[in-house]
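Trainee: Could you take me through one part of this protein slowly? I would like a close look at how the inside is packed.

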Amino acid sequence: MEVYIAIDFGTAFTGYCFKFSESKQVRQPKWGEEYGLNTPKTPTCILFDEDENFLKFGYDAVMTYTRQTRKNEAKELFLFDNFKMELFGKVLHRDSMMTAKNRKKMRAMKVFSESLKFMKDHALDMIGKQASGLKYSASDATWVLTVPAIWSAAAKQFMREAATEAGLVTESEPERLIVALEPEAASVWCKQLPKEGFMEGDLTEAETIEQVPGTQYMVVDCGGGTIDITVHEVGEGGHLKELHRVSGNNMGGQTVDKNFKAFIREIFSEKVFDEFEENHPSELQRLMYDFSICKRYDGEVLVQCPFSLQQIASEVDDIEAYFSRDNDVDWESGQILLSGAKLKALHEDSVRGIESLMKEILKKPTLNIRYIFLVGGFALSPYVNRFVKEKFGSKCQVLCPVDAQMAVMNGAVMFGMMPNVVESRISVFTYGIAVVHFFDKIKHKGKSKYVSKDGVHYCDVCFHCLVKKDESVPFEEVRRYTFKPLEREQKEMLFSFYCTEKETAEFVDEEGMMKIGSLAVSMPKISQGRNHSVILEIKFGFTEMQATTTDVDSGETTSVKMDFMSK
């Protein structure tokens, strides 16, 4: 029986769910039961020993580090949390390093692959128990891995390579791993939910949205790290068409946590807080975890103040004195009482970040958006939920699924079973390759020149556009470029891949052009010399770009690896 396993690798929490192809039920484990908890995901937190050997993941990592580790031991261990955002907006290569809580560095690829390996082993173990003793191995499953829509091609490739290193798939069977965009997965889930599946319990006309072709809706995925937005229209047979390029920012729920940490530092003074952070990393971890749970509540909240922080602070001043300077915070026998107004203020940056993204899309006159779906764990924050309803509720119907934090994970399994559900996507950038043209003294004046062995002069910074920004690209469509070698003896051609925000461009050295990757095409048959033609075909309509080359003479087609990482 075919099994589909989706891993939602989140900034704050990670989980997985699975579905057998013959079954209707999507199943997932419960996490944290041994600690008196019961959550659908576990903290994205991983612990290694001083020799970089994997120890624990999730609640086990948090609890081992915060409760069972002596102060001096904690400094030896490598603890990473909220590390997914390390892949955002950075130049990535396979040897990129990450800093642990003890300020020591470790290869990012190892941190990600060990996390995925833990999820893989946990999932296969659970599936084995459910499948009446049948042993499932990683190669028996189709894996779906979710990533933010705003991830670069390099970040998606990084996750794919980490999953391969973790043993989810082999290099010979890459198709067994599907990379799904988080808001798209959530969209697939929301479109088939009945009205009882939403907190508001109110879908205007139909039982489900996918029954009404032409319905346009927006999915706002509020995660821990990112806010991701996609806009879809329902087509025939429940297929979806993207109407606006995916957009997003890094103003997720963690922004509120950062603001809280800065506020606590302000109250206790930098000197006190820095000493606490330096010497009691595990207690700070516990404080931040306690606060993250408070984001679900409305009005004033109590956060347990770590004992070491109280001790360090009271050596400098009376503990109550720290709290007399701010009306929005109080001291209540070992606990910090935050007023509702303060909690709201800590949300302000995130909420404004969500508002500006949504406004940008809703002002487009060509769109007729009927529903706004709020998904993701951060969507459960009363401040986020209320804000979006107050701001946009008069224009569209704002709905939040009952299991908002599960929408991405559940939808990812469905996406894995039907990867062509989104039949067209809007390109975020203009993409193309660097090509050579015969050097034209007027047109190419001042441009870089390449002289072949035969003495032919070429301009080697010309841009060949394959897809334009904001262009709608069907799922199966390929863009072609036919090329010939420059030299008679050439055995390989190396293409540089570029993108720009501009709709039109002529040269790859123009302002705003970014080199994002490369691709090598081998040309073993060199008997025809420079008359040898090869067709490069690239698919842009899926979640990852895919390339193939076809030798015109032999008709032989091979898939080519596009490399978006700098090393």
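Mentor: Let's start with the largest nonpolar core, which has 90 residues; among them, Ile-5, Phe-80, Trp-143 and Phe-497 touch the most other members. A nonpolar core here is a set of buried Ala, Val, Leu, Ile, Met, Phe, Trp, Tyr and Cys residues joined through side-chain atoms within 4.5 Å, and buried means under 20% relative accessible area, with exposed over 50% and partly exposed in between (1.4 Å probe, protein chains only). Helix α3 (residues 108-130) gives the most to this core, with 11 residues; helices are DSSP runs of H or I, at least four residues, and strands are runs of E, at least two, numbered from the N terminus.

Before going on, keep in mind that this is a predicted model, where local features need pLDDT of at least 70, side-chain atom pairs count only at pLDDT 80 or more, and totals for chains, interfaces and linings use all residues. Residues are numbered from 1 along each chain as its sequence is written, and side-chain values use heavy atoms, leaving out hydrogens and water.

Now zoom in on Phe-80. Leaving aside residues up to four places away in sequence, Phe-80 touches Thr-44, Cys-45, Ile-46, Phe-48, Met-98, Thr-99, Ala-100, Met-106 and Val-111, where contact means heavy atoms within 4.5 Å.

For contrast, look at Glu-52, in the loop between β4 (45-48) and β5 (54-57). Glu-52 is partly exposed, with a relative accessible area of 26%, and has a positive phi of about 70 degrees although it is not a glycine.
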